[in-house]
Amino acid sequence: MVDAHPSHEPVAPALVEVSGLSLPAAITHLPRPDPYLNVEDYEPEADAMALNMGPQHPSTHGVLRLKLFLDGEICFKAVPYVGYLHRGVEKLLENRTAIQSVPYVDKNDYVSPLTGELALVMAYEALLDVEPPPRAQVLRTILMELQRIASHHLWLGTFCLDMGGALGGGSSVFLYNFRERELILDLLEALTGQRMHYNALMVGGNRHDVPPGWEEKVLATMDRVEDRLAEYEAMTVDNHIFRSRTVGVGVLDPLLALEAGAGGANLRASGVDHDLRRDAPYAAYGQVDVRIPVETAGDCYARFLVRIAEMREAIRIVRLLVSGIPEGPIGALKPPRHVNAVKLPPGEVYVGIESPRGELGTYLISDGSPIPVRVKIRPPSLHAVSLLPYLCVGATVSDIVVILGSLDPILGEVDR
Amino acid sequence: MPDDVLALFRTRLGLEEVPPEGPFVPPETLPDIVAALKEMGFLLFLYCAATHWPATENRPEAFTVAYGLRRPGPGSSTARLRVRIPADGSIPTLSGLFAGADWQEREQYDLVGIHFEGHPDLRRLMLPEDWEGHPLRKDYAIDTHHFPWR
């Protein structure tokens, strides 16, 4: 019999009120380690050593370098180094028109490119004051939720891969997850012609209309993905090793998570009931009643539970919307004939959407010329990685691998 | 922006109208105003985005730094504000108030070259330590492949 998890206890957790927010008392106001600790001042109990993890390390989810200062096997200071994938995307976007920009942001969060596209396109739409037609809005919402399922599949697979062969035969969970992710990529390929970098959205609407029979394929795939979710739970929730690696590991204070700008499941697993799909609806999210899963334990296991529940919720939203896609055009603007076709008015906008990793925002300044003056992308993954100096202190190296995986950072988005 | 934020900006800054993209705040009052917003429930740090404005006939070279905060939960709203500083100016850090400001400020220091006063660890974030120049400045050319990139 596995140990009970705090999240599964029937009693409601004690809450504490902070600036109008109710947060779980047990994990709020935890002592914070000093991320700027001078290593010379630290008195180790065992042998002190500095250990470099990454940048080429299979568990760093891209190219992240972590400089760990260890006291025996316990980390007392962690310094992340990012930027290995820096491509200057913001500089590129500041030299491109609205129409040329979309394919560049696909490569930021390459696990969920469609959310990156939507965040950029919505910023241009806010600047231009263009509202996409209802068909485009519903299609966008379906695409975002399909993307969320695919992204969480990849996360779950790699998260379990990080924990190694202990989870029932090496990379089984990883490969099973890729099997289902492929099904969703098939749907997106049928719609956009691409499997990874879709370039599916444009200012004022979508680029592709649904092919015949797509809705039925979506519904059939959703049934299959939902069936298989039960298999994953059997391999993880019911697995004693999975629980002992994740329960109580990497407990994240909700106040720290907020102040550090973390988002998505990282925030909701710490008891913060916040999701832009419900709280500041965009696309067609206003038409569906989005249920937000929240956990209160704040550990790696709670983040896992939130993501699994989000996959179920995404399946429900897709089913709700796909059977009633409104008829009509998929774009509010005429199809562009050349790259300067979209004229930008002067202005300054910020638009944020709920990507699978948290609030993905675009801040845009235009001075009235066809190319923007400033494009700043607010990547949720950067803020997730910036939590590591706090979460790694006191953890063993093997736990740090799990903590990093549970935060679900995509380094392409961190570095841009 | 919600009414309580507009009221705060009006009383603290003596403004009649608050633009939707956020008012300009004097650099020295920035930490106080952001601390007041944090008290009001704007706990989620969103962004810190610096922009380089090269000198033109009408105005000297300058920078603007825009900040965004969010009040989480149902009916979520944002508070946005901006700071304008001269080419050789600096701006107080918010990293003591918001852990998330730490890396965002390092990124803006790295890419735009803004000095954040009082930042405990102001190092380049994206580019190598020995990189010269700040790529997001408007005079940083993108069509040369070698130093000095302009």
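**Helices and strands in chain A**

A: H5(A) passes H6(A) in a left-handed crossing. A crossing is called left-handed if the near helix is turned anticlockwise from the far one by less than a right angle, and right-handed if it is turned clockwise. The model is predicted: local features need pLDDT of at least 70 and side-chain atom pairs count only at pLDDT 80 or more, while totals for chains, interfaces and linings use all residues. Residues are numbered from 1 along each chain as its sequence is written, chains are lettered from A and ligands numbered from 1 in the order in which they are written, and side-chain values use heavy atoms, with hydrogens and water left out. Helices (H or I, at least four residues) and strands (E, at least two) are DSSP runs, numbered from the N terminus.

Helix H5 of chain A covers residues 172-192 and helix H6 of chain A residues 214-236. Their axes come within 11 Å and cross at roughly 170°; axes are lines fitted to C-alpha atoms, for helices over the stretch in contact, and angles run from 0 to 180 degrees between N-to-C directions. H5(A) and H6(A) are therefore roughly antiparallel to each other (angles under 35 degrees count as roughly parallel, over 145 as roughly antiparallel, 65 to 115 as roughly perpendicular and the rest as oblique). In contact, meaning heavy atoms within 4.5 Å, H5(A) contributes residues including Tyr176(A), Leu183(A), Ile184(A) and Leu187(A). On the H6(A) side, Trp214(A), Val218(A), Val225(A) and Tyr232(A) are among them.

Helix H3 of chain A, residues 113-128, lies across E8, E9 and E10 of chain A and runs at about 150° to E8(A). Of the 16 residues of H3(A), 15 are buried, so the helix is largely enclosed by the rest of the structure. Buried means under 20% relative accessible area, exposed over 50%, and partly exposed in between (1.4 Å probe, protein chains only). The end C-alpha atoms of H3(A) are 23 Å apart, which agrees with the 22 Å that its 16 residues should span at 1.5 Å a residue; the expected span is 1.5 Å times one less than the number of residues. Asp129(A), which follows H3(A), has a positive phi, near 60°.

The strands under discussion form an open sheet of three in the order E8-E9-E10 in chain A, with antiparallel pairing. Strands pair if DSSP finds at least two bridges between them. Strand E8 (347-355) and strand E10 (374-378) of chain A are the edge strands, each pairing on one side only. From one strand to the next, the twist averages 10°. Strand E9 of chain A, residues 358-366, pairs with E10(A) in the antiparallel sense over five bridges. Opposite Tyr363(A) stands Lys376(A) in E10(A).

Elsewhere in chain A, strand E4 (residues 65-71) pairs with E5(A) in the antiparallel sense over seven bridges. Leu70(A) has Cys75(A) in E5(A) as its bridge partner. E4(A) and E5(A) make a hairpin with two residues between them, and Gly72(A) in the turn has a positive phi of about 70°. Strand E5 of chain A, residues 74-81, is mostly covered, with seven of its eight residues buried.
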